[in-house]
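Work through the exercises below with the model in view. Try each task before you read its solution.

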Amino acid sequence: MNEKCKKYDDMSDVFEYGNISDEEVVKLCNQILIESKDEKSDVVLEAMYHAVFTAVNCRDIGNKLEIDSILDVINNFNQEISDYIISILAFTGNRKYISVIKCIGEKYEDLDIFEAIGELESKC
């Protein structure tokens, strides 16, 4: 396993099981989102977004993340990474991301955008 992937896999475990404050998790996730803009490896990107997904799923911090920081590169991601992204967007509970989720769904028709939109609506 590549060292970068291991770093984010370890962070994912800390986000789920670690003794770390939600504020620190938000800070780390926002850092991951910013770093993801320059990452070229899909394997590393998948590990990065898995970590952020784990945080929003386990910590309910989606509405505190700076998701807008990745919107300008969101079309660069493959289907697996986009699947994490629509889930992360859903956990924000912010209706402005419905159009982004739909756009990703048009690009990758196999993704369950209706589940993501339903999750987003339930968080509103």
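**Exercise 1.** Is Asp60 buried or partly exposed?

*Solution.* Asp60 is partly exposed, because its relative accessibility is 46%. The scale runs as follows: buried is under 20% relative accessible area, exposed is over 50%, and partly exposed is in between (1.4 Å probe, protein chains only). Next, find its place: Asp60 sits in the loop between H3 and H4. Helices here are DSSP runs of H or I with at least four residues, numbered from the N terminus. Last, check the backbone: Asp60 is not a glycine, yet its phi is positive, about 55°.

This is a predicted model, where local features need pLDDT of at least 70, side-chain atom pairs count only at pLDDT 80 or more, and totals for chains, interfaces and linings use all residues. Residues are numbered from 1 along each chain as its sequence is written, and side-chain values use heavy atoms, without hydrogens and water.

**Exercise 2.** Describe the surroundings of Ile74.

*Solution.* Start with the place: Ile74 lies in the loop between H3 and H4. Then take its cover: Ile74 counts as buried because its relative accessibility is 7%. Now list its contacts (heavy atoms within 4.5 Å). Neighbours within four places in sequence aside, Ile74 touches Ile85, Leu89, Val100 and Ile104. Finally, compare sequence and space: Lys37 is 37 residues from Ile74 in sequence, with 8.9 Å between the C-alpha atoms.

**Exercise 3.** Where is Asp112?

*Solution.* Asp112 is in the loop between helix H5 (98-107) and helix H6 (113-123). Asp112 is partly exposed, since its relative accessible area is 41%.

Terms used. Helices (H or I, at least four residues) and strands (E, at least two) are DSSP runs, numbered from the N terminus.
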